[in-house]
Amino acid sequence: AVCSMGNSTSRLYSVLAKTLSSGAVSQHQDCLEQLDSARLDPIDPKDLLEECQIVLQKRPPRFQRNFVNLKKNTASNHRPIRVMQWNILAQALGEGKDNFVQCPMEALKWEERKCLILEEILAYKPDVLCLQEVDHYFDTFEPLLSRLGYQCTFFPKPWSPCLDVEHNNGPDGCAMFFLKERFELVDSANIRLTAMKLKTNQVAIAQTLKCHETGRLFCIAVTHLKARTGWERFRSAQGCDLLQNLKNITQGAKIPLIVCGDFNAEPTEEVYREFSNSSLNLNSAYKLLSPDGQSEPPYTTWKIRPSGECRHTLDYIWYSQHALNVNSALGLLTEEQIGPNRLPSFNYPSDHLSLVCDFSFNQDPDRLL
């Protein structure tokens, strides 16, 4: 394993193109200890983006996606808070379990796919990044994003399905990253979700941050609920547990809240209604892209498996509508951009689309509660 983490472009390339690529992280403890001191050296995001583009030069260019301005006539002198939500597709699952029958194995090579993921993150420059299915946290995302100025947190699933795949890179889980120059961490909770009073394999991270510019507190959470048809009641129970935890953390909605996640649930499911009708007064940000502001996007994931084509809306960014405004949201890829073989592909690294929103604080949040 190559562990050089210097400041020069060639050394940056070595960590990008040759990060620890196989085996559990515990097998590489010596290398990780070496990375600790190097982590203090910042990376210029432009340099990292350039290196990604060198690795990706034989692939088609990134799709163009545009932000849709949703801002009402509310004046704000402060920079918005950009939040990015993304299920990035665990490498072990993509290669070993998910059976994307129209996606060539070549398109799933980690050496290039991680650069596509990093390119997407670098393109949108989120202040807070919420990821699911992260199984390369310790060897890729934490070393690189910490050097871009992010504070990093990871909470793996207790029984990750990645561990069933030969040559896996350890368990997958949820990860959260926030820019230390913009926020101070006030409180952090790793939550193992329960359902029917039983601890489950699904997790969440909830962090209370203080915005340096405004002095305002807000809570941001990331989660990934149970997958598959037939588990609707289970997801509903997990959602209730998460909402109860978030009520306690936000002191019953006194602290503004943003919840990012792959809920594995269409808007017709009970867990979606629970979030919509919660006493936390949450709304789904991506509904605001619809003409009436009431409809979710037609899809956030689109793939082809042996059982057929799957097009679903499963990913959401929920927010306290009394305390926060959605200034803009990143438009989704069109069917034409996605192409007939669907996702993932040489163009796009995951079977889920990233969601990105810009938020600002309401001036008088209590009035709307």
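This is a predicted model: local features need pLDDT of at least 70, side-chain atom pairs count only at pLDDT 80 or more; totals for chains, interfaces and linings use all residues.
Reader: Which residues line the largest cavity, and how do they divide by class?

Author: The lining of the largest cavity is made up of Arg62, Phe63, Arg65, Leu116, Glu120, Leu333, Asn347, Tyr348 and Pro349. By class, five of these lining residues are nonpolar, one is polar and three are charged.

Reader: A cavity is a space from which the probe cannot get out, whereas a pocket is open; what volume does the largest pocket have, and which residues lie nearest its centre?

Author: The largest pocket holds about 960 Å³ of space. Its lining counts 36 residues, and those nearest the centre are Lys226, Ala227, Arg228, Asn264 and Arg305. Two or more lining residues come from each of the elements β7 (198-211), α7 (232-249), β11 (301-305) and β12 (308-312), with β7 giving the largest share, four residues.

Reader: How many residues of each class does the lining of the largest pocket have?

Author: The lining of the largest pocket has 15 charged residues, together with eleven nonpolar and ten polar ones.

Reader: What can be said of the second largest pocket, its volume and the residues closest to its centre?

Author: In the second largest pocket there is about 330 Å³ of space. This pocket is lined by 13 residues, of which Pro45, Leu122, Lys125, Leu148 and Tyr150 are the closest to its centre. The elements that contribute two or more residues to this lining are α3 (45-55) and α5 (110-124). Nonpolar residues number nine in the lining of the second largest pocket, beside one polar and three charged residues.

Reader: Turning from spaces to a helix, how many residues of α6 are buried, and which are they?

Author: A residue is called buried when its relative accessible area is under 20%. Helix α6, residues 137-147, is mostly covered, since ten of its eleven residues are buried. The buried residues of α6 are Tyr137, Asp139, Thr140, Phe141, Glu142, Pro143, Leu144, Leu145, Ser146 and Arg147.

Reader: Which residue with a positive phi follows α6?

Author: After α6 comes Gly149, and the phi of Gly149 is positive, near 100°.

Note on methods
Residues are numbered from 1 along each chain as its sequence is written. Side-chain values use heavy atoms; hydrogens and water are left out. On a 1 Å grid over the protein atoms alone, a cavity is a set of points where a 1.4 Å probe fits but cannot get out, and a pocket is an open set with protein on both sides within 12 Å along at least five of seven lines; lining residues have an atom within 4 Å of a point. Ala, Val, Leu, Ile, Met, Phe, Trp, Tyr, Cys and Pro count as nonpolar, Asp, Glu, Lys and Arg as charged, and the others, Gly among them, as polar. Grid points are joined across faces, edges and corners, and a volume is the space filled by probe spheres set on the points. Buried means under 20% relative accessible area, exposed over 50%, partly exposed in between (1.4 Å probe, protein chains only).
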